[in-house]
Amino acid sequence: MVLKGIKMILAAFGALVVAQAIGLSSASVASIIAILSVVDTRKSSIVIAWKRIISMSLALTIAVCVFLLLGHSTVGFGVYLLIFIPLAFLFKVEVGIAPSSVLAIHVWLSKQITPSLLLNEALILFIGAGVAILVNWYMPSYQQEIEKKREEIEAKLREILCLMASFLREGNGTNDAKLISEAKATLTEAQKLLYIESENQLFSQFNKDLCYFEMRAEQLQLLEVMAKNLNDFHCPAREADLLAEMFHSTGEQLHLTNTGISLMDEIQDYIDEFRNLELPKTRDEFEYRATLFQLLRDLQRFIDLKVCYFRDHK
């Protein structure tokens, strides 16, 4: 907020100086337009400036036509508003209604319409919006913070997987839900920063970063399901150790540059091994074996998400 306030001051002062330097009347309006044009991101400042130019063109065209037909009267100005405002919403340039109407008021008060007057009004808007874009061009980068959030998410995912492995071995998995909630909160923060960064960079790796965080979001959803399946789940020591080893191995190898291909081979070996186990003889054995197999399938999907991401973003 401090940076935005400084930008507003610089934009307003700069627009006023430029407008006065070239001898525009009502130069102070350029300052107001500049203040209104200082927004949160580079792209939005360009989009808003473009919409205000379209809005100004529409407003001055309507004002000229209406005032020539009805004169510079109160009724004439009311008719101008009646036509301009609905059209501004129709063309989705309502962001320019206020500044464009201020320019139209200048035309209305002038009692006569000349090319120099219209040029003066157009230059007021161009200078106000243009200076705001120049001042707003400096934006702090959030890339380092995004990378930090990525590392935090990966650390949380490793911790969750290792905790699940510990639960399988020792029955200690009470913090799974808390860790998953923390990871989801960090992911949300990272996605917000990524959006702001993408709006400030005309050329960036936004799509790759977006796909990365979407991949991690899907993995977190899978972990939520897996955590629920692990509740009150108990199986023989051999199967539990095999599954715990797979969870631990996945957690240890979880980082950005790991393709996940070797893990897919490992988990397929585990699935084949479980398929070769003796068939369950009781209902309880059948239920835990089904849950066990579902956990393996979910873990396989967890790894496959990373394999697909790496394949698409080499």
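Me: Ground rule first: a helix is a DSSP run of H or I, at least four residues, numbered from the N terminus. With that, where is Ser 26 found?
Reply: In the loop between helix 1 and helix 2, the latter being residues 28-37. Keep in mind that this is a predicted model.

Me: Noted. What is the phi of Ser 26?
Reply: Near 55°. That is a positive value, and Ser 26 is not a glycine. Most residues other than glycine have a negative phi.

Me: Is Ser 26 buried, exposed or partly exposed?
Reply: Partly exposed, because its relative accessible area is 33% and that category runs between the 20% limit for buried and the 50% limit for exposed.

Me: Which other residue has a positive phi although it is not a glycine?
Reply: Lys 92, with a phi of about 60°. Lys 92 sits in the loop between helix 4 and helix 5 (97-110). Its relative accessible area is 59%, so Lys 92 counts as exposed.

Me: Zoom out. How many helices and strands are there in the chain?
Reply: Twelve helices and zero strands. Along the sequence, the pattern reads α-α-α-α-α-α-α-α-α-α-α-α.

Me: And what share of the chain is buried?
Reply: 44% of the 314 residues.

Me: Back to helix 4. How many residues does it have, and how far does it reach?
Reply: Helix 4 covers residues 74-90, which is 17 residues. From first C-alpha to last it reaches 25 Å. At 1.5 Å a residue, 24 Å is expected, and the span is close to that.

Me: Which residues of helix 4 are buried?
Reply: Gly 76, Phe 77, Tyr 80, Phe 84 and Ala 88. They cover an arc of only 85° around the axis, so they lie on the same side of helix 4.

Me: What is exposed on the other side?
Reply: Val 75, Leu 82 and Leu 90 are exposed there.

Me: Switching to annotation. Where does UniProt place the "transmembrane region" feature?
Reply: The unreviewed UniProt entry puts it at residues 47-70, 77-97 and 117-139.

Me: What is the helix content of 47-70, and how far apart are its ends?
Reply: Residues 47-70 are 100% helix and 0% strand. The end C-alpha atoms lie 34 Å apart.

Me: And 77-97?
Reply: That span is 71% helix and 0% strand. Its end C-alpha atoms are 14 Å apart.

Me: What about Met 139, where is its place?
Reply: In the loop between helix 6 (115-136) and helix 7 (143-170). Met 139 is buried, because its relative accessible area is 10% and the limit is 20%.

Me: Next pair. How far apart are the C-alpha atoms of Thr 188 and Ala 217?
Reply: 9.2 Å, and the two residues are 29 apart along the chain. Thr 188 lies in helix 8, residues 176-200. At 38% relative accessibility, Thr 188 is partly exposed.

Me: Last one. Which residues make the nonpolar surface patch?
Reply: Val 2, Ile 6 and Leu 10, over about 300 Å². Ile 6 is in helix 1, residues 2-21. Ile 6 is partly exposed, with a relative accessible area of 45%.

Note on methods
Residues are numbered from 1 along each chain as its sequence is written. This is a predicted model: local features need pLDDT of at least 70, side-chain atom pairs count only at pLDDT 80 or more; totals for chains, interfaces and linings use all residues. Side-chain values use heavy atoms; hydrogens and water are left out. UniProt positions are given in the numbering used here, feature names are shortened, and annotations may be inferred rather than shown by experiment. Helices (H or I, at least four residues) and strands (E, at least two) are DSSP runs, numbered from the N terminus. Patches are made of residues with over 30% relative accessible area and no salt bridge: like charges are joined within 9 Å, nonpolar side chains (Val, Leu, Ile, Met, Phe, Trp, Tyr) within 5 Å. Accessible areas come from the Shrake-Rupley method with a 1.4 Å probe; for residues, only the protein chains shown count as cover. A salt bridge is a side-chain nitrogen of Lys or Arg within 4 Å of a carboxyl oxygen of Asp or Glu. Buried means under 20% relative accessible area, exposed over 50%, partly exposed in between (1.4 Å probe, protein chains only). The expected span of a helix is 1.5 Å times one less than its number of residues. The arc is that of the directions from the helix axis to the C-beta atoms.
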